[in-house]
Each structure stands twice: as C-alpha cells, then as structure tokens.
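Welcome! Let's go through a structure together by asking what stands behind the words used to describe it.

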Amino acid sequence: MTLRQQIQIILDTHHADTKQKLPELAARIEALRKTKSGDQQTDRLARAFMQIKGEMESHMMKEEMILFPMIERAEAGMGMTGCGVQGPVSQMLYEHREAKNLLLEMTDAVKRIDGIDPEIATAVTWLNDDLYEHIRKEEEELFPGAMKACGAGMEA
Ligand SMILES: [Fe+2]
Ligand SMILES: [Fe+2]
C-alpha cells in the first residue's frame, strides 16, 4: 500500500469517525454535568474530555493541513533527503502520548461515576479503542514509511 493510500484510509475512518463522535459525546457529557452538578468525577470526566476534544481537533487539523501533504510530497519524490517530516512527526508522537493520558483519565472517571449514562461509557470505550488503532496505524505504518521516504530513521 502506498503512503497516500494509508493516509486516505486514516482520513476516511479514524479522522472522519472521530470528528463525528466528539460533538455527540460533548452533548452527552454536558447533559450529565447538569444532572450531576458538583460531582467530582463528573467534573473530572468533563475536564479531560474538553481537553482531549480540543487537542484532537487541532491535532487532526495539523496532520491534514501540514504533515499528510508533506508525506505525500515526500512519497512523490522518493529518495530525497531532509524533506522535513521529522519535526512534525516528533510533535505528533508527543500529542499522541498526551491523548492516551487523557483517555486513561476519562476511562477511570467513567468507572467511578454512579449511574453513568451507558451511552457515555460506550462512547468513551469506542474513543479509546479507535484512538489506539488510529495511533498504531500512524506510528507503526505511516510515520516509519514517511521517514523512509525522506531518507531518515524513525526515532521512538
Ligand atoms: Fe491522525
Ligand atoms: Fe495522529
């Protein structure tokens, strides 16, 4: 599979699905906050969610506007060195770790909230599983391929 095809799959599945699910989940968490006003774990869930929502939206925009087009250009000119993906890739790796931490926080909060809306629990599980597969495709397949296309090694 070409890098371009890998990018298209990531956009059509993970990016599209995440953009659709985040606003739905935002509305459900907002509704929960109203019924459980002052509950510490609900506030914790809402805080971690608002943060991950903002970070993922900006993260995916950076990939779509900057990194993915750069990778497509690198692939089109295979063999050229120093095509500039290393900096953006390192930044994306850092943001992936941040997102995983926020998801851990959300998953933990969900377990501690009594009488949580089961739709929220299901959506958080979905977000967690989808994010792990999304990050896996980027970190284990796309980014190493991009580094190779640029003639650079992948740094963990
Ligand atoms: Fe992505
Ligand atoms: Fe990413």
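Predicted model: local features only at pLDDT ≥ 70, side-chain atom pairs only at ≥ 80, totals over all residues.

Q: What makes a set of residues a nonpolar core, and which ones touch the most other members in the largest?
A: The members must be buried residues of kinds such as Ala, Ile, Leu, Met, Phe and Val, joined through C-beta atoms within 7 Å. The largest nonpolar core has 17 residues, and Ile29, Leu45, Ala48, Phe49, Ile52, Met106 and Val110 touch the most other members. Helices α1 (3-35), α2 (40-76), α3 (86-112) and α4 (118-149) each supply at least two residues of this core, and α2 gives the most, with six. Apart from it lies another core, of 16 residues, including Ile7, Ile10, Phe68 and Ile71.

Q: Why is glutamate 72 called partly exposed?
A: A residue is buried with 20 or more other C-beta atoms within 10 Å and exposed with 12 or fewer. Glutamate 72 has 15 C-beta neighbours inside 10 Å, so it falls in between and counts as partly exposed. You will find glutamate 72 in helix α2, where it touches Leu3, Arg4 and Ile7, not counting residues up to four places away in sequence.

Q: How do you know that the length of α3 agrees with its number of residues?
A: At 1.5 Å a residue, the 27 residues of α3 should span 39 Å, and the end C-alpha atoms are 40 Å apart, so the two values agree.

Q: Which residues of α3 are buried, and what do they pack against?
A: Val89, Met92, Ala99, Leu102, Met106, Ala109 and Val110 are buried in α3. The buried residues of this helix pack against α2 and α4.

Q: Why is α2 called roughly antiparallel to α3?
A: The two helices pack at an angle of about 155°, with their axes 9 Å apart. Angles over 145 degrees count as roughly antiparallel, so α2 is roughly antiparallel to α3. The crossing in which α2 passes α3 is left-handed.

Q: What pattern does the whole protein follow, and how much of it is buried?
A: Read along the sequence, the pattern is α-α-α-α, with four helices and zero strands. Of the 156 residues, 25% count as buried. The C-alpha atoms fill a box of roughly 55 × 25 × 20 Å, taken along the principal axes.

Conventions: Residues numbered from 1 in each chain as written. Chains lettered and ligands numbered in written order. Contact = placed C-beta atoms within 7 Å. Expected span 1.5 Å × (residues − 1). Axes fitted to C-alpha atoms, helices over the stretch in contact; angles between N-to-C directions. Parallel < 35°, antiparallel > 145°, perpendicular 65-115°, else oblique. Left-handed = near helix turned anticlockwise from the far one by under 90°.
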